[in-house]
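User: I would like to learn how to read a model like this one, feature by feature, with the general idea set out before the particular case. Could we begin with charged side chains that pair up along a helix?

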Amino acid sequence: MLTLFIDRLTTPIGDMLILSDGEGAIRATFWTDQEEELRRTIQRYYPGRVIEFEPAADPHGLTSTIRAYFDGNLHAIDTLPVETAGTQFQREVWRALRLIPCGSTISYAELARRIGRPAAVRAVGLANGANPVGVVVPCHRVIGANGSLTGYGGGIERKRWLLDHERQMRM
(Lines give C-alpha, C1' and ligand atoms only; values in the text may rest on other atoms or scores of the structure.)
Protein backbone atom coordinates (compact mmCIF):
# COMPACT_ATOMS: atom_id res chain seq x y z
CA MET A 1 0.00 0.00 0.00
CA LEU A 2 1.11 3.51 -0.80
CA THR A 3 -0.39 6.24 1.37
CA LEU A 4 -0.35 9.67 -0.19
CA PHE A 5 -1.37 12.79 1.67
CA ILE A 6 -3.63 15.11 -0.27
CA ASP A 7 -4.17 18.79 0.37
CA ARG A 8 -5.97 21.53 -1.53
CA LEU A 9 -4.57 24.99 -2.20
CA THR A 10 -6.60 27.91 -3.50
CA THR A 11 -4.56 29.88 -6.05
CA PRO A 12 -5.37 32.83 -8.33
CA ILE A 13 -5.80 30.35 -11.22
CA GLY A 14 -7.86 27.67 -9.52
CA ASP A 15 -7.62 25.16 -6.72
CA MET A 16 -4.62 22.85 -6.77
CA LEU A 17 -4.34 19.37 -5.33
CA ILE A 18 -0.99 18.51 -3.75
CA LEU A 19 -0.06 14.89 -3.17
CA SER A 20 2.88 14.01 -0.97
CA ASP A 21 4.33 10.96 0.67
CA GLY A 22 5.21 10.25 4.28
CA GLU A 23 8.78 11.43 3.76
CA GLY A 24 7.64 14.89 2.68
CA ALA A 25 8.23 14.61 -1.06
CA ILE A 26 5.68 15.89 -3.54
CA ARG A 27 4.37 13.07 -5.73
CA ALA A 28 1.93 15.11 -7.84
CA THR A 29 0.18 18.44 -8.22
CA PHE A 30 -2.96 18.77 -10.32
CA TRP A 31 -5.73 21.32 -10.65
CA THR A 32 -8.96 20.26 -9.00
CA ASP A 33 -10.77 20.33 -12.34
CA GLN A 34 -8.45 17.43 -13.29
CA GLU A 35 -8.94 15.28 -10.19
CA GLU A 36 -9.92 12.19 -12.17
CA GLU A 37 -6.80 12.58 -14.32
CA LEU A 38 -4.76 12.80 -11.11
CA ARG A 39 -6.12 9.48 -9.89
CA ARG A 40 -5.51 7.80 -13.27
CA THR A 41 -1.97 9.17 -13.42
CA ILE A 42 -1.12 7.94 -9.93
CA GLN A 43 -2.47 4.45 -10.73
CA ARG A 44 -0.49 4.41 -14.00
CA TYR A 45 2.75 5.41 -12.28
CA TYR A 46 2.31 2.95 -9.42
CA PRO A 47 0.73 -0.11 -11.07
CA GLY A 48 -0.33 -2.98 -8.87
CA ARG A 49 -0.16 -0.86 -5.73
CA VAL A 50 -3.12 -0.02 -3.59
CA ILE A 51 -3.13 3.75 -3.29
CA GLU A 52 -4.72 5.38 -0.26
CA PHE A 53 -5.39 9.12 -0.36
CA GLU A 54 -5.40 10.62 3.11
CA PRO A 55 -6.53 14.24 3.56
CA ALA A 56 -3.89 16.31 5.31
CA ALA A 57 -3.56 20.00 6.09
CA ASP A 58 -0.23 21.39 4.87
CA PRO A 59 1.72 18.11 5.01
CA HIS A 60 5.39 18.79 5.75
CA GLY A 61 4.78 22.50 5.04
CA LEU A 62 4.50 21.80 1.30
CA THR A 63 1.21 23.60 0.78
CA SER A 64 2.49 26.71 2.59
CA THR A 65 5.61 26.70 0.44
CA ILE A 66 3.65 26.47 -2.81
CA ARG A 67 1.33 29.21 -1.52
CA ALA A 68 4.41 31.40 -1.00
CA TYR A 69 5.26 30.99 -4.70
CA PHE A 70 1.80 32.22 -5.68
CA ASP A 71 2.14 35.08 -3.18
CA GLY A 72 5.31 36.28 -4.94
CA ASN A 73 8.18 34.35 -3.34
CA LEU A 74 9.05 32.69 -6.65
CA HIS A 75 12.05 30.79 -5.36
CA ALA A 76 10.17 29.19 -2.47
CA ILE A 77 9.51 26.09 -4.60
CA ASP A 78 13.03 25.72 -5.98
CA THR A 79 14.20 23.15 -3.46
CA LEU A 80 10.96 21.37 -2.63
CA PRO A 81 11.57 17.62 -2.59
CA VAL A 82 9.93 15.81 -5.50
CA GLU A 83 9.64 12.05 -5.89
CA THR A 84 8.17 10.90 -9.17
CA ALA A 85 7.66 7.63 -10.92
CA GLY A 86 7.97 7.62 -14.70
CA THR A 87 10.64 6.36 -17.02
CA GLN A 88 14.30 7.22 -16.64
CA PHE A 89 13.99 9.51 -19.68
CA GLN A 90 10.95 11.30 -18.23
CA ARG A 91 12.68 11.86 -14.91
CA GLU A 92 15.73 13.21 -16.77
CA VAL A 93 13.51 15.74 -18.57
CA TRP A 94 11.74 16.66 -15.33
CA ARG A 95 15.07 17.27 -13.57
CA ALA A 96 16.12 19.54 -16.44
CA LEU A 97 12.88 21.51 -16.13
CA ARG A 98 13.82 22.48 -12.58
CA LEU A 99 17.00 24.09 -13.93
CA ILE A 100 15.14 26.60 -16.13
CA PRO A 101 15.45 29.93 -14.34
CA CYS A 102 12.27 31.39 -12.94
CA GLY A 103 10.77 33.97 -15.26
CA SER A 104 12.47 32.63 -18.38
CA THR A 105 11.41 30.21 -21.08
CA ILE A 106 13.09 27.77 -23.42
CA SER A 107 11.93 25.77 -26.41
CA TYR A 108 11.40 22.03 -26.53
CA ALA A 109 14.41 21.83 -28.87
CA GLU A 110 16.57 23.67 -26.33
CA LEU A 111 15.37 21.36 -23.56
CA ALA A 112 16.28 18.34 -25.71
CA ARG A 113 19.72 19.85 -26.33
CA ARG A 114 20.24 20.51 -22.61
CA ILE A 115 19.72 16.85 -21.75
CA GLY A 116 22.13 15.80 -24.50
CA ARG A 117 19.47 14.46 -26.88
CA PRO A 118 18.98 17.12 -29.54
CA ALA A 119 17.07 14.77 -31.86
CA ALA A 120 14.54 13.82 -29.17
CA VAL A 121 12.40 16.96 -29.38
CA ARG A 122 9.11 15.07 -29.69
CA ALA A 123 10.00 12.69 -26.86
CA VAL A 124 10.94 15.67 -24.70
CA GLY A 125 7.57 17.24 -25.50
CA LEU A 126 5.76 14.06 -24.47
CA ALA A 127 7.76 13.80 -21.24
CA ASN A 128 7.07 17.47 -20.53
CA GLY A 129 3.36 16.84 -21.01
CA ALA A 130 3.46 13.82 -18.69
CA ASN A 131 4.96 15.83 -15.81
CA PRO A 132 2.87 15.01 -12.72
CA VAL A 133 4.23 17.87 -10.61
CA GLY A 134 3.17 21.03 -12.43
CA VAL A 135 4.35 24.43 -11.18
CA VAL A 136 7.03 22.92 -8.88
CA VAL A 137 8.56 21.08 -11.86
CA PRO A 138 8.01 24.06 -14.16
CA CYS A 139 6.89 22.56 -17.45
CA HIS A 140 5.07 25.85 -18.08
CA ARG A 141 8.47 27.42 -18.87
CA VAL A 142 8.77 25.42 -22.11
CA ILE A 143 7.33 27.08 -25.21
CA GLY A 144 7.31 26.56 -28.95
CA ALA A 145 10.40 27.35 -31.03
CA ASN A 146 8.56 30.35 -32.49
CA GLY A 147 7.81 31.73 -29.01
CA SER A 148 4.20 30.55 -28.96
CA LEU A 149 2.57 29.16 -25.87
CA THR A 150 2.01 25.52 -26.65
CA GLY A 151 0.10 22.88 -24.71
CA TYR A 152 -0.07 22.86 -20.96
CA GLY A 153 -1.96 20.25 -18.97
CA GLY A 154 -3.60 22.94 -16.86
CA GLY A 155 -4.63 24.94 -19.94
CA ILE A 156 -2.97 27.73 -21.89
CA GLU A 157 -4.53 30.46 -19.75
CA ARG A 158 -2.91 29.02 -16.62
CA LYS A 159 0.41 28.72 -18.44
CA ARG A 160 0.15 32.37 -19.54
CA TRP A 161 -0.70 33.43 -15.97
CA LEU A 162 2.25 31.50 -14.49
CA LEU A 163 4.71 33.00 -16.97
CA ASP A 164 3.33 36.52 -16.44
CA HIS A 165 3.42 36.02 -12.65
CA GLU A 166 7.07 34.99 -12.76
CA ARG A 167 8.06 37.85 -15.05
CA GLN A 168 6.22 40.47 -12.98
CA MET A 169 7.44 39.24 -9.59
CA ARG A 170 11.01 38.88 -10.82
CA MET A 171 11.22 42.61 -11.56
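Analyst: An α-helix has 3.6 residues a turn, so residues three or four places apart point the same way. In this predicted model, the side chains of Arg-40 and Glu-37 form a salt bridge with an N to O distance of 3.0 Å, and the two residues both lie in helix H1, three residues apart, which is about one turn of the helix. Arg-40 is partly exposed at 48% relative accessibility, and Glu-37 is likewise partly exposed, with a relative accessible area of 31%.

User: Which residues do salt bridges with shared partners join into one network?

Analyst: Glu-110, Arg-113 and Arg-114 are joined in that way. A search of the whole structure finds nine salt bridges.

User: What separates Arg-39 and Glu-35 along helix H1?

Analyst: Arg-39 and Glu-35 are four residues apart in helix H1, and therefore about one helical turn separates them. Their side chains meet in a salt bridge, N to O, at 3.2 Å. Arg-39 is partly exposed with a relative accessible area of 31%, and Glu-35 is partly exposed as well, at 24%.

User: Are Asp-21 and Arg-27 buried or exposed?

Analyst: Both Asp-21 and Arg-27 are buried, and their side chains meet in a salt bridge whose N to O distance is 2.8 Å.

User: Let us turn to the faces of a helix. Which residues of H1 are buried?

Analyst: The buried residues in H1 are Leu-38, Thr-41, Ile-42 and Tyr-45. Viewed down the axis of H1, these buried residues fall within an arc of 100°, and so they line one face of the helix. The face of H1 turned away from this buried side carries the exposed residues Glu-36 and Arg-44.

User: If I read H5 in that manner, which of its residues are buried?

Analyst: In H5, the residues Val-124, Ala-127 and Asn-128 are buried.

User: Which residues lie nearest the centre of the largest pocket?

Analyst: Gly-129, Asn-131, Cys-139, Gly-153 and Gly-154 lie nearest the centre of the largest pocket, which is lined by 24 residues. The elements that give two or more residues to this lining are strand E3 (26-31), helix H1 (35-45) and helix H5 (121-129). H1 gives the most to the lining, with four residues. The largest pocket holds about 360 Å³ of space.

User: Cysteines are my next topic. How many disulfides does the structure hold?

Analyst: A disulfide is a covalent bond between the sulfur atoms of two cysteines. This structure holds zero disulfides. For Cys-102, the closest cysteine sulfur belongs to Cys-139 and is 14 Å away, which is too far for a bond, because a disulfide is counted here when the two sulfur atoms are within 2.5 Å. Read from the other partner, the closest cysteine sulfur to that of Cys-139 is the one in Cys-102, again 14 Å away and too far for a bond. Cys-102 is buried, with a relative accessible area of 8%, and Cys-139 also counts as buried, at 8% relative accessibility.

User: Finally, how should I read the backbone angle phi, and what is its value in His-60?

Analyst: Most residues other than glycine have a negative phi, and most peptide bonds are trans. Phi of His-60 is near 55°, a positive value in a residue other than glycine, and His-60 has its place in the loop between strand E4 (51-55) and helix H2 (62-70).

User: Where is Val-135 placed?

Analyst: Val-135 is in the loop between H5 and strand E6 (142-143). Its phi is near 70°, which is a positive value in a residue other than glycine. Val-135 is buried, with a relative accessible area of 1%.

Definitions and conventions. Residues are numbered from 1 along each chain as its sequence is written. This is a predicted model: local features need pLDDT of at least 70, side-chain atom pairs count only at pLDDT 80 or more; totals for chains, interfaces and linings use all residues. Side-chain values use heavy atoms; hydrogens and water are left out. On a 1 Å grid over the protein atoms alone, a cavity is a set of points where a 1.4 Å probe fits but cannot get out, and a pocket is an open set with protein on both sides within 12 Å along at least five of seven lines; lining residues have an atom within 4 Å of a point. Grid points are joined across faces, edges and corners, and a volume is the space filled by probe spheres set on the points. Buried means under 20% relative accessible area, exposed over 50%, partly exposed in between (1.4 Å probe, protein chains only). A salt bridge is a side-chain nitrogen of Lys or Arg within 4 Å of a carboxyl oxygen of Asp or Glu. The arc is that of the directions from the helix axis to the C-beta atoms.
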